[in-house]
Amino acid sequence: MEKLRWIKSFEIGHASIDSQHRDLMECLNSVINHADEGQGEDAFTACLTMQSTLRDHLQAEEEILRAARFERLNRHKESHRHNMRRFSEIVTSCRGACKTSDSKGCLEELARLLIDDFITGDMDFKSDLKEKGVSRNDP
């Protein structure tokens with residue numbers, strides 16, 4: 001699978017959130033690298049690292065949104081819970097695929113989940129943070 005590239009449209013304008021999003025993309029690219037090299041156990045370990053990184057990111061993002069008094073925080077938190085459940089399901093169901101180097105479908109699901117969170121989920125608060133002066137206005 002082709003590695004993901006960061007594009008400007010993923011940016012929220014909040015330095016911490018954008019940095020964490022880049023870290024998550026690098027985690028996924030690490031999974032892809034290991035899978036492409038036939039290193040199934042390492043790919044699965046990288047998935048677990050990504051899962052931990054995602055959990056930390058979602059908690060940090062929720063704290064930023066809470067501090068900014070984001071009106072739709074509860075809905076956003078529910079989306080995060082859904083994404084973590086889905087991520088766990090994918091990782092659990094794909095463990096065998098990682099070991100047999102048949103992980104293309106799993107990698108595509110992880111990529112879709114990550115990009116959906118960046119674009120669909122987080123664009124919901126992008127303008128709100130800008131209006132409140134919590135993020136920069138240029139992305």
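Where does R69 lie? In this predicted model, R69 is placed in the loop between helix 2 and helix 3 (73–99). Its phi is positive, at about 55 degrees, although R69 is not a glycine. Most residues other than glycine have a negative phi. The side of the chain at R69 is open to solvent in the accessibility sense: R69 is exposed, with a relative accessible area of 70%.

Confidence in the model was examined by chain and by element. The average pLDDT of the chain is 89, and 94% of the residues score at least 70. Among the elements, the highest mean pLDDT (94) belongs to helix 2 (residues 40–67), whereas the lowest (86) belongs to helix 4 (residues 104–121).

Helix 2 contains L54, which is buried at 6% relative accessibility. Apart from neighbours within four places in sequence, L54 is in contact with L24, M84 and F87. L24 is 30 residues away from L54 along the chain, yet the C-alpha atoms of the two residues are separated by 6.7 Å.

Aromatic pairing was then considered. A search of the whole structure returns two aromatic pairs. One of them joins W6 and F10 in an edge-to-face arrangement, with 5.4 Å from centre to centre and 70 degrees between the planes. Because F70 lies in the loop between helix 2 and helix 3 and F125 in helix 5 (residues 123–131), the pair ties together parts that are 55 residues apart in sequence. Both F70 and F125 are buried. The loop that holds F70 is also the location of R69, but R69 is exposed, in contrast to the buried F70.

The number of disulfides is zero. For C27, the closest cysteine sulfur is that of C47, at 9.9 Å; this is too far for a bond, because a disulfide requires sulfur atoms within 2.5 Å.

Note on methods: Residues are numbered from 1 along each chain as its sequence is written. This is a predicted model: local features need pLDDT of at least 70, side-chain atom pairs count only at pLDDT 80 or more; totals for chains, interfaces and linings use all residues. Side-chain values use heavy atoms; hydrogens and water are left out. pLDDT is the predictor's confidence in each residue, from 0 to 100. Helices (H or I, at least four residues) and strands (E, at least two) are DSSP runs, numbered from the N terminus. Buried means under 20% relative accessible area, exposed over 50%, partly exposed in between (1.4 Å probe, protein chains only). Contact means heavy atoms within 4.5 Å. Rings of Phe, Tyr and Trp (its six-membered ring) pair if their centres lie within 6.5 Å; planes under 30 degrees apart count as stacked, over 60 as edge-to-face and the rest as tilted.
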